[in-house]
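Dear colleague,

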Amino acid sequence: TLGPDLSARAQKRSAAELRARLLEPRLFNPDTIMPRYGVLGPGSRVHRLFKDKVLLSPQEIDDVVAHLQTLKP
């Protein structure tokens, strides 16, 4: 397991914060290993096959946020 249980954490966050955490996770945890979804550039720790590629489209990010908001702890 690399990450926390998102069901409890997502319920405490707004859609805007969830989106921000996907786009710039280091703003919330400077030591995170989570990549920057939807953003190219330094700070994206991903497999070499995904280097210099946007990992999620804006619509996919919206879909992830919407899904996270449906989770129940």
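**Findings**

R36 lies in the loop between helix 2 and helix 3 (helices are DSSP runs of H or I with at least four residues, strands are runs of E with at least two, and both are numbered from the N terminus). This is a predicted model, in which local features need pLDDT of at least 70 and side-chain atom pairs count only at pLDDT 80 or more, while totals for chains, interfaces and linings use all residues. Residues are numbered from 1 along each chain as its sequence is written, and side-chain values use heavy atoms, with hydrogens and water left out.

R36 counts as buried because its relative accessibility is 13% (buried means under 20% relative accessible area, exposed over 50%, and partly exposed in between, with a 1.4 Å probe and protein chains only). Its side chain makes a polar contact with the side chain of E24 at 2.6 Å. A polar contact here is a pair of N or O atoms within 3.5 Å; within protein, one must be able to donate a hydrogen and the other to accept it, and residues adjacent in sequence count only if both atoms are side-chain atoms. R36 and R26 are 10 residues apart along the chain, and their C-alpha atoms are separated by 8.4 Å.

T32 is also found in the loop between helix 2 and helix 3. T32 is buried, with a relative accessible area of 13%, and its side chain reaches the backbone nitrogen of M34 at 3.0 Å.

T32 and M34 return in the description of the largest pocket, where they are among the residues closest to its centre, together with P4, L6 and R21. The lining has 20 residues, and the space in this pocket is about 670 Å³. A pocket is defined on a 1 Å grid over the protein atoms alone, as an open set of points where a 1.4 Å probe fits, with protein on both sides within 12 Å along at least five of seven lines; lining residues have an atom within 4 Å of a point. Helix 1 (6–10), helix 2 and helix 3 each give two or more residues to the lining.

The largest nonpolar core has seven residues: A10, L18, L22, L56, I61, V65 and L68 (such a core is a set of buried Ala, Val, Leu, Ile, Met, Phe, Trp, Tyr and Cys residues joined through side-chain atoms within 4.5 Å). Helix 2 (15–23) and helix 3 (58–70) each give two or more residues to this core, and helix 3 gives the most, with three. Leaving aside residues up to four places away in sequence, V65 touches A15, L18, R19 and L22 (contact means heavy atoms within 4.5 Å).

Two further residues belong to helix 3: D62 and E60. D62 counts as partly exposed, at 33% relative accessibility, and E60 is partly exposed at 39%. D62 and L18 are 44 residues apart in sequence and 9.6 Å apart in space, C-alpha to C-alpha.

With kind regards

Terms used
Grid points are joined across faces, edges and corners, and a volume is the space filled by probe spheres set on the points.
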